[in-house]
Amino acid sequence: MSHPVAERAPHRGGAAKSGYRGTKVRRQRVRAAWLFLAPMLVALALVAGWPLLRTFYFSFTDASLADTGRATLIGFENYLVYDDGAWYGLLTDPVWWTSVWNTVFFSVTSVSLEVVFGVIVALLLNAEFRGRMLVRAAVLIPWAIPTIVSAKMWAWMLNDQFGIINHLLMMLGIIDAPLAWTADADLSMWAVIMVDVWKTIPFVALLVLAALQMLPSDCYEAAEVDGIHPVKVFFRVTLPLITPALMVAVIFRLLDALRVFDVIYVLTSNSTNTMTMSIYARQQLVEFQDVGYGSAASTMLFLIIALITVLYLYLGRRQLGVDQ
Amino acid sequence: MNRTVLRLLKRLGFYALIAVVLFYAIFPFYYAVVTSLKPSSELFRVDFWPSSFDLVNYARILGEKSFVRAILNSILVSFSVVFIALLLGLTASYALGRVRFRGRTSVLLIILGVSMFPQVAVLSGLFEVIRVLDLYNNPAGLVLSYTIFTLPFTVWVLTTFMRQLPQELEEAAIMDGATPWITITRVFLPLMWPAMATTGLLAFIAAWNEFLFALTFTLTDDQRTVPVAIALISGGSQHELPWGPIMAASVTVTVPLVVLVMIFQRRIVSGLTAGAVKG
């Protein structure tokens, strides 16, 4: 993508002398490059690399939050251990598996809904109409609102006794009695999904909109001349063309959704109905002070996300532009 | 005749859809504003329109020392995070965007990998680091921990911008004998301002909204940031939350963000698409 000057410098001007100067400049640049990268790499090592390694290590120990320094290795006991005729450990904990299932269900459902609605909103915003800029700015509002605040706002609207949503639904005759949105086992997951979808549609919509605005107009002119139905044009022309952008949006949202924490923590706290892997891990780590066991859960979450990332990088390497 | 009617209907349907989208996007925030302006006696009557203009909830929230302190902490943390991320991001993006060297692809992949970390995966290790550095229950600890998500993003977006700058500029600088540092500060920095404003804004919003680290790495009311302060506002019991003050606090911390987004929406859109489409 970039063509650094230093590599081309030798071809310019006199032979030997400029060749020497070229390598010198080049070497100086490479040295400077590493020097410039060093602070960032140190920072990342301090807040990401080292802590991650420690988390892996803790997951094989019985460390507790009070004193993480005093930990003894206990092998795989946090994950799985056979003791006195029964299996114990994270992998046998039904609550853990519930939280895995919840995370997967939450991620797949909310990302699917976001993509569908995001594309619809993007198509609307792609049309020419008066006040388009204003609408586009307004659509960004949910994205700008802190997750905690949006969770609180929705918690109030979903309030079982005084919430406006129950009020509306009862006024319209859809329900007879108020629903306990955030407490009911069958509803709370949907309440969480509803809030997450509301907050993240703008992100998907904007990415898709950017892709839509780069589409060539001649395909559409041709389709219009041939009198092809707009719906067909969308599925045959638009959708295939925006698929790369859509895939990027999906992977970003999916990785985000798999580590979801704050919206659920605020809306339903530690309820097992909506417990995700992040909530489970943090509860073990901080509330139960069991750093070893909690780290085992964190490690599992990390491995799942890493697997998905690696798969994506492998499949979509060229799109990322890393190798160009 | 028939065709004009059909077109009119289509047009009407289109605007109806736009109206639905607008309503959906704005209503929750609008309703929070309406609620925040109600005295507690009227709180439990559902109103679609502002029925009263009572600032008692705002007075209560802003009269609380810990909440004001939380706002100050959030401002301090967010600005520091933006400053650090931009400083480290600018130099790193020069190296990654303009210089070809061995290991560049690996560095880019590391950055991409870190940006995909689940925060909870580093929670226990980072907790230890923060305690060793004696930054527990200290906003400085949050500044440090937030670099895990602001730095990769900043570097990534600035690198894509850096690559698009014309090469002749740099050639001229090198011909004049400028060192890389001079090239960055004198040649690129003036051109990078728009990109820096965008990424800085996005980093600011991310830091302002962060919850998990802020909840875990602080303990006392006077060290908290805004999201944690709001999440922990509580009443007598779980079933009688003080919704008026909660909504007032929510509106207070959100209005600046909404205004920023409205003003800079073009930049934000370009930053988000540069960060995501190209990375």
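A residue is counted as buried if 20 or more other C-beta atoms lie within 10 Å of its own. In this predicted model, 48% of the 279 residues of chain B count as buried.

Chain B has 12 helices and zero strands. Its pattern along the sequence reads α-α-α-α-α-α-α-α-α-α-α-α. The radius of gyration of chain B is 24 Å, whereas the globule rule gives 19 Å for 279 residues, so chain B is more spread out than a compact globule. The C-alpha trace of chain B spans about 75 × 75 × 30 Å along its principal axes. Of the contacts in chain B between residues at least 6 apart in sequence, 76% join residues at least 24 apart.

One helix of chain B, H11(B), packs against a helix of chain A. The partners are H4(A), residues 132–144, and H11(B), residues 243–263. Their axes lie 9 Å apart, at an angle of about 140°. H4(A) and H11(B) are therefore oblique to each other. The crossing is right-handed. From H4(A), Ala137(A), Leu140(A), Ile141(A) and Ala144(A) take part. They meet Leu257(B), Val258(B), Val261(B) and Met262(B) of H11(B). By class, this contact has eight nonpolar residues, no polar residues and no charged residues.

In chain A, helix H11(A) covers residues 277–287. H11(A) is mostly covered, with eight of its 11 residues buried. The buried residues are Met277(A), Ser278(A), Ile279(A), Tyr280(A), Ala281(A), Arg282(A), Gln284(A) and Leu285(A). Gln289(A) follows H11(A) and has a positive phi, near 60°.

Conventions
Residues are numbered from 1 along each chain as its sequence is written. Chains are lettered from A and ligands numbered from 1 in the order in which they are written. This is a predicted model: local features need pLDDT of at least 70, side-chain atom pairs count only at pLDDT 80 or more; totals for chains, interfaces and linings use all residues. A residue is buried if 20 or more other C-beta atoms lie within 10 Å of its own, exposed if 12 or fewer, and partly exposed in between; C-beta atoms are placed from the backbone. Helices (H or I, at least four residues) and strands (E, at least two) are DSSP runs, numbered from the N terminus. Axes are lines fitted to C-alpha atoms, for helices over the stretch in contact, and angles run from 0 to 180 degrees between N-to-C directions. Angles under 35 degrees count as roughly parallel, over 145 as roughly antiparallel, 65 to 115 as roughly perpendicular and the rest as oblique. A crossing is left-handed if the near helix is turned anticlockwise from the far one by less than a right angle, and right-handed if clockwise. Two residues are in contact if their C-beta atoms, placed from the backbone, lie within 7 Å. Ala, Val, Leu, Ile, Met, Phe, Trp, Tyr, Cys and Pro count as nonpolar, Asp, Glu, Lys and Arg as charged, and the others, Gly among them, as polar. The radius of gyration is taken over C-alpha atoms; the globule rule is 2.2 Å times the number of residues to the power 0.38.
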